[in-house]
Amino acid sequence: MKTVHVNTGRPYDILIARGLLSRTGEFARQLTDAKRVVIVTDSHVAPLYAQKVRDSLTAAGFDVAVHIFPAGEAQKHLDTIADIYRTLADFGMTRKDLIVALGGGVCGDMAGFAAATYLRGIDFMQLPTSLLAQVDSSVGGKTGVDLPQGKNLVGAFHQPVAVLIDPDTLGTLPENFLTDGMGEVIKYGCIKDAAFFAYLEKHDAFACMEDVIETCVSIKRDVVSRDERERGERMLLNFGHTLGHAIEKLLDFSGISHGMAVAVGMVMMARAGEANGLTDAGTAARIAALCRQYGLPTQTDFSASQLAAAARSDKKTAGDSINVVLLTKIGDSFTKKIEIAELQEFIQGTSKNIGLFRGALH
Ligand code: MG
């Protein structure tokens, strides 16, 4: 078993091992005095794993209830949270009890937010089942829901008591979910680790998932430990996300997956960095090639003005300026404050110069 210790305000361990889901009860028992556990999961994941996790928790002496919500990003709103609260209250959950988030990023964000707010905060444990959740959203303590105006506009920082990552769950995922997670995996190489980026170029990541997950989680752990509340360094994790979120928003959060939108955003930002003399030449082409290697898209037909308008409502927008993440080269990143009015021009240079929006990259 691989263990990554996260030293945030409230420290916890991320455990990575095949078959871990069936040992949930054993680890929960070591971490909590809870009597009751509510497993929060969605309609896709529940038939696959809810019974296994429930049996493990029951065998460890917990009273267990399962709350199942309809799968999909479209469910990530406050009405779904209200349904979870109802289950928690009806089951008699106290401040000592435990929520288990079993599923992908949407599930973890919502179960975590319910845990952060119910009775002003109770414990929760993350059991991420998608690659995206395993390498990214289950680590770092961000929880929350979407509003019609944008993603993750309501939320709280709330650290789990543990994250149990069972790579066996990836074997049951449709292929596009694995591809989706690779967007964030490649991001870690881009912002912090040139050797990892080169490793992804040379190896088939899907054949060495435990190592890939451990590397990603360790990078995120290091960043989050130094900047739990996203005052500075943690912003680097948003590489590709300003434009990625803009693309997702323009497609109503249903036309493209998060990781795929981030892939397009990373290539565009690297290209913009090159066009503005901030990023080593050839960086964008190398990112685009790696994205293509793992089946990720690298371009969009949205115009720079459409993307800039959508980015304006991004929650990272602070007044008239926006913090974008750029690379000096693969493995080395920095943030740059750009006036909102200049964002379009900043990314547009690339579309004029090399036809980014119309097929220069495939
Ligand atoms: Mg992300």
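In this predicted model, strand β2 (residues 12–16) and strand β9 (residues 162–165) pair in the parallel sense, with four bridges between them. Ile 14 stands opposite Val 163 in β9. Both strands belong to an open sheet of seven strands with mixed pairing.

**Sheet**
- The strand order is β1-β2-β9-β6-β5-β3-β4.
- β1 (2–6) and β4 (63–69) are the edge strands, each pairing on one side only.
- On average, neighbouring strands of this sheet are turned by 15° against each other, direction ignored.

**Helices on the sheet**
- Helix α2 (residues 46–59) packs on the sheet and touches β3 (36–42), β4, β5 (98–103) and β6 (123–128).
- The direction of α2 makes about 170° with that of β3.
- Helix α3 (residues 78–90) lies across β3, β4 and β5, and runs at about 160° to β4.

**Helix pair α7 and α8**
- The axes of helix α7 (residues 194–202) and helix α8 (residues 209–226) cross at roughly 155° and come within 12 Å.
- Because angles over 145 degrees count as roughly antiparallel, α7 is roughly antiparallel to α8.
- The crossing of α7 past α8 is left-handed.
- On the α7 side, Phe 196, Tyr 199 and Leu 200 make the contact; on the α8 side, Asp 211, Val 212, Thr 215 and Cys 216 do.
- By class, the residues of this contact are five nonpolar, one polar and one charged.

Definitions and conventions:
Residues are numbered from 1 along each chain as its sequence is written. This is a predicted model: local features need pLDDT of at least 70, side-chain atom pairs count only at pLDDT 80 or more; totals for chains, interfaces and linings use all residues. Side-chain values use heavy atoms; hydrogens and water are left out. Axes are lines fitted to C-alpha atoms, for helices over the stretch in contact, and angles run from 0 to 180 degrees between N-to-C directions. Helices (H or I, at least four residues) and strands (E, at least two) are DSSP runs, numbered from the N terminus. Angles under 35 degrees count as roughly parallel, over 145 as roughly antiparallel, 65 to 115 as roughly perpendicular and the rest as oblique. A crossing is left-handed if the near helix is turned anticlockwise from the far one by less than a right angle, and right-handed if clockwise. Contact means heavy atoms within 4.5 Å. Ala, Val, Leu, Ile, Met, Phe, Trp, Tyr, Cys and Pro count as nonpolar, Asp, Glu, Lys and Arg as charged, and the others, Gly among them, as polar. Two strands pair if DSSP finds at least two bridges between them.
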